[in-house]
There are 2 protein chains.
Amino acid sequence: MPDRPAAVAPVVVDTSRSPEARLRPVPLNAIRLTDKFWKPRRELNRNTTLKAQYLHLEKTGRLDNFRRVAGDFDGDFQGIYFNDSDVYKWLEGASWALATDQDAELAEMVASVVSLIERAQEADGYLNTYFALERGNQRWTNLRDMHELYCAGHLFQAAVAHSRVTGSERLLAVAQRFADLICATFGSRQGQIEGAPGHPEIEMGLVELARATGESRYLDQAAYFLGARGRGLIGGRAYHQDHVPFREADRLTGHAVRALYLSAGAADIVAELGDSELRRALNRLWDRMVSRQMYVTGAVGARHEGEAIGADFELPNARAYAETCAGIANVMWAWRMLQITGEAAYTDVMERALYNAALPGISLDGTTYFYVNPLAQDGAAEPGSGVHQREPWFGCACCPPNIARTIAQMPGYLYSVSDDLIWLHTYVANEASLSLPNGLKVDLVQRTRYPWSGQIIVEMLTPGEYGLNVRIPDWCQGGDLGDPPTLSINNAPCRGTVVPGQYATVRRTWAVGDSVCIQLPMNVRRVKAHPHILENTGRIALMRGPLVYCLESADHKGIDLRDVRIPRDASFETTFRKDLLGGIQVIQTNGFVEEPAGEWRTSAYQCAPSELRRNRRPTELTAIPYYAWANRGAGAMQVWIRED
Amino acid sequence: MPDRPAAVAPVVVDTSRSPEARLRPVPLNAIRLTDKFWKPRRELNRNTTLKAQYLHLEKTGRLDNFRRVAGDFDGDFQGIYFNDSDVYKWLEGASWALATDQDAELAEMVASVVSLIERAQEADGYLNTYFALERGNQRWTNLRDMHELYCAGHLFQAAVAHSRVTGSERLLAVAQRFADLICATFGSRQGQIEGAPGHPEIEMGLVELARATGESRYLDQAAYFLGARGRGLIGGRAYHQDHVPFREADRLTGHAVRALYLSAGAADIVAELGDSELRRALNRLWDRMVSRQMYVTGAVGARHEGEAIGADFELPNARAYAETCAGIANVMWAWRMLQITGEAAYTDVMERALYNAALPGISLDGTTYFYVNPLAQDGAAEPGSGVHQREPWFGCACCPPNIARTIAQMPGYLYSVSDDLIWLHTYVANEASLSLPNGLKVDLVQRTRYPWSGQIIVEMLTPGEYGLNVRIPDWCQGGDLGDPPTLSINNAPCRGTVVPGQYATVRRTWAVGDSVCIQLPMNVRRVKAHPHILENTGRIALMRGPLVYCLESADHKGIDLRDVRIPRDASFETTFRKDLLGGIQVIQTNGFVEEPAGEWRTSAYQCAPSELRRNRRPTELTAIPYYAWANRGAGAMQVWIRED
């Protein structure tokens, strides 16, 4: 590992000096959003979401748990044994939010939480408020279930974020003391404990800590934990990704968030160590996920039972688990794979999951959350529970701070750099000032209404010789899309370089004011699912640009959305409705409603004559982006719509 | 309640003196099976299944738990806290098996288990080997979760069976002592505990105990337990059917077996008390179940999570839970509804569930069991577990003795009597000697190859004036079935009385040797599912007579069954293959295999052009009865097949 850098800058996943990463990240504060989609969301996140979450942390005893260990609170441990992780995740999110904006109130909250954490650390570096005091002698006694290492990983990520943003090393020092204890405690040497975390997370945390401190032992420890799996140390179950060594696994298994955090951590290890066997394992896991285990939204995790990934093609809609945290974890893994490889296939999934698997996790007003993200809902209340809606908090509150840190980090996903190249991954109107590895500093402006429009104008403000790697999304290909994507410079088309699902490279000597125009077709796409995804037989999903759409009952009064059919020859119109759901492009078309004939009232099964009786009437349909659903009260929703 | 009968006869659910039951059951030993389907199964059940289960009870400590309380075994309680129930269920099954057959070895096992139970009873009548000795002070402390009343209910059912079959009152006395303690303990009077069982079962047990002993207080106690639900006494959750009073419920909810046992118990209460509000509640629950919550097999319970009933129309195939016990519970409930009402709609479901939801729970060799009954299986092993197959036993072993007692009882489901009528419910070759309530004793013979053939000849051996109520199954109607069902007497057709889904009544003065011929069309039926059952869109199930069929990989080497398509105009041939799977009628047809095109290898979602590329080849298809699947090694299976 190289020496520790003198200058500290906010960076989301710092691979700047990772020997095996092709791409380098860009500091958060190098980018200033100017758009109407993400900028308001980041402001809401800082002003409302993070501050409301702080109050939840306070109200639910999560902060008192630290005070208790620090000696300032007289009472029992409150909540679930892994609740420290929510505090750390919140702290990471709040730190990233402060990377680009001044906010004295939030900064004060951050400072007070850092102090609390500092004071709750034990003399030997151990830090976990559940296993403190009266449970101090139970440390490390159940690595599989009790999430001590998981909490530690979140501490490390928070500490790195806090240090990069504030320049303060206080929390980083806390993290290092704990990490040093963990390094001393776990391993194969005499007197060490052989073990692996039941819930991965520490792998990413340790690698980031290594990057932030220059201490390679944290990287080695991450590699140790990855290698410790599959040896039966934590029970040998696929649920915990412990049934085979990670590098021999042929698919993601078990608890979805765990599987994805582990894969993201492994990608971090590949970025540092370039282990080709591990890289092959990651490719194998990735390929199977995108072809058999992932929802059209980029969500992962089919089963409520165990919050788990199911069998290949087991992707039910109403019963999707699709935990918000798993959608976020998919973004995190995809981002790391992109940094290693520079391949646009990862960017495609990152973008898909960001807009359609992570973002639906939070309400438009920034105050309520989905833990579970079904792709269909019939709108009927379940006896004893009710209709699934977003909630302000959860007993197990992993998702709220996870979505908050993701929104806070969002600008970090826009660019990477490598040598003399600037990589444009996903598009948002912004102004950026990017330092290339070759020493050049390039200023540029992006003007676009993405994700509503496929036109992106990039204006170069720095003259010189450098290149742009412009992502052409895979969603620009196939189907009845009409015009192909195009790229032009100063209104002159670039030929031959524009392939959907790849980065288009433009190298030239730029003059100030040169403009690149990227034109991505944003026709409405009828998407079909693999024939083995049984619930989607005969159904299509509508997509436009990076967004998955859905039908919601608020726009279709008196219609059971399960009865809606879209004709094969339907044409679609789209309109921007700035009054609706914070401003969205809606898709409109003419379809049919075909209600089940009367004979179905008495039996769910009928002997099939050549044709059942048809009750069909025409209807106008309005589809909205899936991320915006469930913001108009409880109701029904369908992503996959019957085609006819 | 009338006085206790002097003569004891084996009867499955004795409604003989239930004031509100239209129908009366027939003693098991009044029927002698002569067929090749159920008779060999009952013999296998007695010779192999029940004896092997006894060894499991012994090996797993379930009998030692009784010995331990009796003072004969020095060791800890073994297994799960409700393991006593498995012993009772086995005892009930073994008793019913002995109702019709001599078996000294089995009788000896029964006698020894009865002694053990007797000796494990405490002085005050309490009997539960988990809450004995060191846990004696924890009795009744957790009615919701700890299943003491559930175990008691199974004891009562076993005691009634044992008493009816053997004439011995030893176990009945044990049951009464415990029931008396329960009656004294639970209720609304001063000093009593207000409570309801978290797992229903005791309701049926108490009603049967009331019938067997003539003691109406057991009936009152059953009614108390039913009425205690929905008052929040056990937590108020829909999972435990405690979110609303039973008589206000609009659907079955929660744990499927609990919901169905409770409904069966409520039907028993209606049979005795004729409560019209309760009867309406049962009708409401039933109608919703058959129209929205039941699999085509008669199985109930969509969710692995909580072994629970899902939302309306939530009926996934590969992920069906469809617990064998729930299929059996459905038979039990349907039987009780039939006894109350005399309506063939209940017989239809009873038969459907018996053949297609209960029977698949046991292997053809009588030694292994399904707990979970998927309606589809892709044949791939789940990492860390493997392909779903029947197993010789389970830690939670409710299903094996449940299927054993069901097979032992089977002849009891063939007939009922009322006034001067003999009811023929489902058909099996047999000789019967039936005592009618009007005092007449009628001997008759059924000759049929049912369920393989729809021709049933009933020969009357007793002259006189009495009637037959002949069930015409609902599956004789609709679709492309060709000839309607017919009924003829001495070769002369009876006109106007034969309606599918109803009982056809034939009253006349019979002469010895008169013969009734029932001809039920057994064409292959293409069954469709309600459009809201999303996985079945575009798919059909094949049925013939009462049997649901499936495709199994053993008959289709090299084909992924998910790719099979049956043309809309396919014609079907059926052949009896006596060499195959114990002798089955197979369905054969010509279909297609359409493998997913290559583009699906890299992504589960594709932008849909007007037509995706087709890889289609013709293939011969062989469908087997669903109950017979998974008897030729691990493999794939599909009930619902894509129609094209």
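## Exercises on a two-chain model

In this predicted model, the contact draws 57 residues from chain A and 58 residues from chain B. Have the structure open and work through the exercises below.

**Exercise 1. Describe the area buried between chain A and chain B.**

Step 1: Start with the total, which is about 5,000 Å².
Step 2: Look at the atoms behind that area: carbon and sulfur give 57% of it.
Step 3: Turn to chain A and find the residues that lose the most area to chain B. These are A:Leu534, A:Tyr605 and A:Cys607, together 15% of what that side buries.

**Exercise 2. Find the polar and charged links across the interface, and the elements of chain A that take part.**

Step 1: Count the residue pairs in polar contact between chain A and chain B, with both residues at pLDDT 80 or more; there are 24.
Step 2: Check one of them: the side chains of B:Arg303 and A:Glu382 form a salt bridge, with N to O at 2.8 Å. The cut-off for a salt bridge is 4 Å, so this pair qualifies.
Step 3: Now see where the side of chain A that touches chain B comes from. α10 (276-293), β14 (524-529) and β20 (605-607) of chain A each supply at least two residues, and β14(A) gives the largest share, five residues.
Step 4: Sort the residues on that side of chain A by type: 23 are nonpolar, 15 polar and 19 charged.

**Exercise 3. Work out how β20(A) pairs with a strand of chain B.**

Step 1: Identify the partner, which is β14 (residues 524-529) of chain B.
Step 2: Follow the directions of the two strands; they run antiparallel and are joined by three bridges.
Step 3: Pick out a bridge: A:Tyr605 has B:Ala529 in β14(B) as its partner.

**Exercise 4. Locate the cis peptide bond between A:Tyr450 and A:Pro451, then look in chain B.**

Step 1: In chain A, omega for this bond is about 10°. A:Pro451 sits in the loop between β7 (441-448) and β8 (455-460) of chain A.
Step 2: In chain B, a cis peptide bond joins B:Tyr450 and B:Pro451, with omega about 10°.

**Exercise 5. Is A:Glu307, a non-glycine residue with positive phi, buried or exposed?**

Step 1: Go to the loop between α10 and α11 (324-341) of chain A, where A:Glu307 lies; its phi is about 50°.
Step 2: Read its relative accessible area, 18%. Buried means under 20%, so A:Glu307 is buried.

Definitions and conventions: Residues are numbered from 1 along each chain as its sequence is written. Chains are lettered from A and ligands numbered from 1 in the order in which they are written. This is a predicted model: local features need pLDDT of at least 70, side-chain atom pairs count only at pLDDT 80 or more; totals for chains, interfaces and linings use all residues. Side-chain values use heavy atoms; hydrogens and water are left out. Contact means heavy atoms within 4.5 Å. Buried area is the accessible area (1.4 Å probe) that two parts lose on being put together, summed over both. A polar contact is a pair of N or O atoms within 3.5 Å; within protein, one must be able to donate a hydrogen and the other to accept it, and residues adjacent in sequence count only if both atoms are side-chain atoms. Helices (H or I, at least four residues) and strands (E, at least two) are DSSP runs, numbered from the N terminus. Ala, Val, Leu, Ile, Met, Phe, Trp, Tyr, Cys and Pro count as nonpolar, Asp, Glu, Lys and Arg as charged, and the others, Gly among them, as polar. Two strands pair if DSSP finds at least two bridges between them. Buried means under 20% relative accessible area, exposed over 50%, partly exposed in between (1.4 Å probe, protein chains only).
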